[in-house]
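Please go through this briefing with the sequence and the model open side by side. The points below are grouped by topic.

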Amino acid sequence: MKYIDINNLYKSFGDFVALENLNLTIEKGEIFGLLGPNGAGKSTAINILTNILDKDRGSIKVLNKELKRNDRNIKGKMGLVPQDLAIFEDMTSLENVMFFASLYGLKGRELKENSLKALEFVGLENTKKLSKTFSGGMKRRLNIACAIAHNPEILILDEPTVGIDPQSRNHIMKSIQTLNKNGCTIIYTTHYMEEVETLCNNIVIIDKGKVIANGDKNSLKAIISDKNKFEVLVDDVTYINKNELLEIVGVDSIEFKENKIYVSLDRELSSLNEFILYLSSKNIKILDIKSKIVTLEDVFLNLTGRTLRD
Ligand SMILES: Nc1ncnc2c1ncn2[C@@H]1O[C@H](COP(=O)(O)OP(=O)(O)OP(=O)(O)O)[C@@H](O)[C@H]1O
């Protein structure tokens, strides 16, 4: 069953087109991944969906009904974890969660009980300490607690793990999976493809306000199933010209990391031979070659010629 259906969503800021006829469908009960590099339009789409921003045109249907501005019923079913922390630093964790839950109409005992449960769920204690004393990871978890105390049917998380320690990241990943198992539909936006690969059933990759690929992770990877990826360790990359390598027939993408070259090659062509001949012609010593597993990052690189974190 479709929970959200977005059709031809268009938004510009002056001359700049942030969303160019975006189409997305989110099924009830799934963890939906919205993947794209910085500036792709993820937050713009989320902000329109949550009524923070007005669209220019297009349609958004929630549970088959066109989303109207300030529809309280639909808003009450949603929880938003915004990209920028939205907590009051001079309040305790419980005060923060109770404040946001009260905006959704919770009162009295239910307000306190739900807020305590949300804090426990994200692994935060109810202390007298003010939120400003919390670590970055704790603040991120509090940000999530504030969005779930009213038990939303759909939770939208806009890059919830930016700049946090691995322990908090793991905790957040697990919390999202548990919420989903308990019936909450999740929209997860990020530019960390590893998170999307771990969490999401369906994934849409957007770039420059447009969908460039969608499907589950296996069907997305199948887009480049005719490619082999290698990690080539060399003694020196100084004299390698990326453009010359890209001119070799069958060389699809090239990335450098220190003395390693990551190369994606067409399986059908003998481009590996040509690639090695090029390195030899420059007197570059190959120290090691490893075959690599294809990731969603490679899919993005293949489709756009850029990495997600360029
Ligand atoms: N209010 C605004 N005025 C002008 N331009 C804007 C505004 N909001 C967003 N943009 C531009 O629209 C584009 C899409 O921004 P958006 O925040 O949706 O991207 P994003 O995919 O969420 O990226 P990030 O991961 O960096 O947040 C960016 O180029 C951004 O500069």
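Helix α10 (residues 271–281) lies across β11, β12, β13 (260–266) and β14, and runs at about 145° to β13. Helix α11 (residues 296–304) also packs on the sheet, where it touches β11, β12 and β13, and its direction makes about 120° with that of β12. Contact here means that the C-beta atoms of two residues, placed from the backbone, lie within 7 Å. Axes are lines fitted to C-alpha atoms, for helices over the stretch in contact, and angles run from 0 to 180 degrees between N-to-C directions. Helices (H or I, at least four residues) and strands (E, at least two) are DSSP runs, numbered from the N terminus.

This is a predicted model: local features need pLDDT of at least 70, side-chain atom pairs count only at pLDDT 80 or more, and totals for chains, interfaces and linings use all residues. Residues are numbered from 1 along each chain as its sequence is written.

**The sheet under these helices**

- The order β12-β13-β11-β14 describes an open sheet of 4 strands with antiparallel pairing; two strands pair if DSSP finds at least two bridges between them.
- β12 (251–257) and β14 (286–292) stand at the edges with a single partner strand each, so one side of each has no neighbour in the sheet.
- From one strand to the next, the twist averages 20°.
- Strand β11 (residues 227–234) is joined to β14 by 6 bridges, and the two run antiparallel. In this pairing V234 stands opposite I286 of β14.
- β12 and β13 are also antiparallel and are joined by 6 bridges, with S253 opposite S264 in β13.
- A hairpin is formed by β12 and β13 with 2 residues between them, and E258 in the turn has a positive phi of about 50°.

**The other sheet**

- A further open sheet of 4 strands has the order β2-β1-β4-β5, again with antiparallel pairing.
- Its edge strands are β2 and β5 (65–66), each of which pairs on one side only.
- Strand β1 (residues 2–13) and strand β4 (residues 57–62) run antiparallel and share 5 bridges. N7 has S59 in β4 as its bridge partner.

**Shell around the ligand**

- The ligand is surrounded by 14 residues, of which the closest are F13, N38, K42, S43 and T44. A residue is near a molecule if its C-beta atom, placed from the backbone, lies within 6 Å of it.
- β2 (16–27) and α1 (42–49) each supply at least two residues of this shell. The most comes from α1, with 3 residues.
- By class the shell holds 4 nonpolar, 8 polar and 2 charged residues. Ala, Val, Leu, Ile, Met, Phe, Trp, Tyr, Cys and Pro count as nonpolar, Asp, Glu, Lys and Arg as charged, and the others, Gly among them, as polar.

**A helix pair**

- Helix α3 (residues 93–103) and helix α5 (residues 136–148) pack at an angle of about 35°, and their axes are 7 Å apart.
- The crossing of α3 past α5 is right-handed, meaning that the near helix is turned clockwise from the far one by less than a right angle.
- S93, N96, V97 and F100 of α3 make the contact with L142, A145 and C146 of α5. These residues divide into 5 nonpolar, 2 polar and no charged.

**Domains**

- The domain assignment gives domain 1 (2–216) and domain 2 (226–293); such bounds come from an automatic or database assignment.
- The C-alpha centres of domain 1 and domain 2 are 40 Å apart.
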